[in-house]
Amino acid sequence: MGNATKTSTIIIGSTIALFLGVGTLWQPPQETPVACNDTTINAANNKTGNTINVPDEYKEPIKKAAQTAGLPESTVAAQIQAESQFDRMAGSPAGAQGPAQFLPSTFAKYSNGDIHNIEDSMEAYGKYMADLKKIVKPFAGDDPNKLIRLTLAAYNAGPGNVSQYKDVPPFPETKNYVEKITSGAQMKFTGGCKQVSGAKAWNGDLGKGEWTNPLPGGQFTSGFGRRNVPGLPAWAQMHAGVDLATGSGYGPQGTVIAPTDLKITGIYGKDGCVLGTMTAEPHFRMAFCHMDDYQVKAGDEIKKGTEMGRESNHAGSVGALVISHLHFEIHKPGDDYTDSNFNPYDGTAIDPEPILKEKGALGGR
Ligand SMILES: [Zn+2]
């Protein structure tokens, strides 16, 4: 995979995990939400210092690196998160080290400093990205967003591969890497980037007791809200839930369990979703999707921790997903979802991430 800095970061196959083609059950939203897409993210980042959610010690280095590289700050932030989770001591089996996961040999070409030092690493990263950008620029035409994607692809797969394909190379790892950074993740780091309408955070009571991670061992791989996945219509660019993945495999992987006590209310087979309603307050409705088989059925009342199926990549609405993961939705209380009335876009989806955190069901992110 070239001489680019390499990382063993978990591959994220989440960005096409959208529900499409549910047919006549629902209509595209009438109003166009303020989208956190490439354009708004780039516009927001034209004002430097508009980056949010990065650790304090990274703020200034990310700003400088973004200027050096000529990339949006949120893109840089999302990439560093993907590479090291902002852990300056991070390492990989392939030998990549530090915040930007440089191979020492590559780092040495750009810095005499310390690979684990945030300032040194980010300064080298900025220069390195500027070089990559220069190499891939001829293949981006006058499309600034394509230029960002190609630069990220060059980082992941090496500039030689981008030059060869004159595009993001068709390697699943690289495609996923680019999608992960340019779609879901960088939204998290852009100040003023609004959430989609009907996707408000829950500010009511969350009820008693802790939950468990619905996918034990699963890492958070994609957040809730707007994203920009090439090839999907504008209305379909909303991610109505969050994604969790145990690894980068295909087909059945980790075990999906009930995060809290549930009444199972339906199975939406097309996208491999188990549907359920919390038996306790606040009676959230939940969907656990992309499974191939189920160990529960409508009418079951199950306790927290009960196995429901296995994480997989079953998503009939969009064809096969690249990487197995659990797509998890939480909807405001309402009529129980059944096999026939489940609708991710009915305007009741809420962001599961803060709820999972509040309930102790999500590890550090
Ligand atoms: Zn998803």
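Helices (H or I, at least four residues) and strands (E, at least two) are DSSP runs, numbered from the N terminus. The model is predicted: local features need pLDDT of at least 70, side-chain atom pairs count only at pLDDT 80 or more, and totals for chains, interfaces and linings use all residues. Residues are numbered from 1 along each chain as its sequence is written, and side-chain values use heavy atoms, with hydrogens and water left out.

**Figure 1. Overview of the protein, with nine helices and 12 strands.** The protein has 365 residues, and 56% of them count as buried. Buried means under 20% relative accessible area, exposed means over 50%, and partly exposed lies in between (1.4 Å probe, protein chains only). Take the contacts between residues at least 6 apart in sequence: 66% of these join residues at least 24 apart. Contact here means heavy atoms within 4.5 Å.

**Figure 2. Glutamine 101 has a positive phi.** This residue sits in the loop between α3 (73-84) and α4 (104-110). Its phi is about 55°, although glutamine 101 is not a glycine. Glutamine 101 is buried, at a relative accessible area of 2%.

**Figure 3. Helices α3 and α5 cross at roughly 115°.** Two packed helices are described by the angle between their axes and the distance between the axes. Helix α5 covers residues 118-136, and its axis comes within 13 Å of the axis of α3. Axes are lines fitted to C-alpha atoms, for helices over the stretch in contact; angles run from 0 to 180 degrees between N-to-C directions. The crossing is right-handed. That term applies if the near helix is turned clockwise from the far one by less than a right angle, and left-handed applies if anticlockwise. From α3, Val76, Gln79 and Ile80 meet Met122, Tyr125 and Met129 of α5. Five of these contact residues are nonpolar, one is polar and none is charged. Ala, Val, Leu, Ile, Met, Phe, Trp, Tyr, Cys and Pro count as nonpolar; Asp, Glu, Lys and Arg count as charged; the others, Gly among them, count as polar.

**Figure 4. Tyrosine 125 lies in helix α5.** Tyrosine 125 is buried, with 0% relative accessibility. Leaving aside neighbours within four places in sequence, tyrosine 125 is in contact with Ala65, Leu71, Val76, Gln79, Ile80, Ala100, Phe102 and Tyr155. Phenylalanine 107 is 18 residues away from tyrosine 125 in sequence, and their C-alpha atoms are 8.2 Å apart.

**Figure 5. A disulfide joins cysteine 273 and cysteine 289.** A disulfide is a pair of cysteine sulfur atoms within 2.5 Å. By this rule the count is one. The sulfur atoms of cysteine 273 and cysteine 289 are 2.1 Å apart. Their link is right-handed, with 110° about the S-S bond. Cysteine 273 lies in strand β7 and cysteine 289 in strand β8; the pair, 16 residues apart, links distant parts of the chain. Cysteine 273 is buried at 0% relative accessibility. Cysteine 289 is also buried, at 1% relative accessible area.

**Figure 6. A cis peptide bond joins glutamate 281 and proline 282.** Omega at this bond is about 0°. Proline 282 belongs to the loop between β7 (273-278) and β8 (285-289). Histidine 283 is in the loop between β7 and β8 too. Phi of histidine 283 is positive, near 55°, in a residue other than glycine. Histidine 283 is partly exposed, at 31% relative accessibility.

**Figure 7. The side chains of aspartate 292 and serine 312 make a polar contact.** A polar contact is a pair of N or O atoms within 3.5 Å; within protein, one must be able to donate a hydrogen and the other to accept it, and residues adjacent in sequence count only if both atoms are side-chain atoms. The distance between aspartate 292 and serine 312 is 2.5 Å. A polar contact of 3.5 Å joins the side chains of aspartate 292 and histidine 314. Aspartate 292 lies in the loop between β8 and β9 (301-302). Aspartate 292 is partly exposed, at 35% relative accessible area. Beyond four places in sequence, aspartate 292 touches Gly251, Pro252, Arg310, Ser312 and His314. The C-alpha atoms of aspartate 292 and aspartate 271 are separated by 8.8 Å, and the two residues are 21 apart along the chain.

**Figure 8. Serine 312 is in the loop between β10 (307-310) and β11 (326-331).** Serine 312 is buried, with a relative accessible area of 1%. Its side chain makes a polar contact of 3.3 Å with the side chain of asparagine 313. Not counting residues up to four places away in sequence, serine 312 touches Gly251, Pro252, His290, Met291, Asp292, Ser324 and His325.
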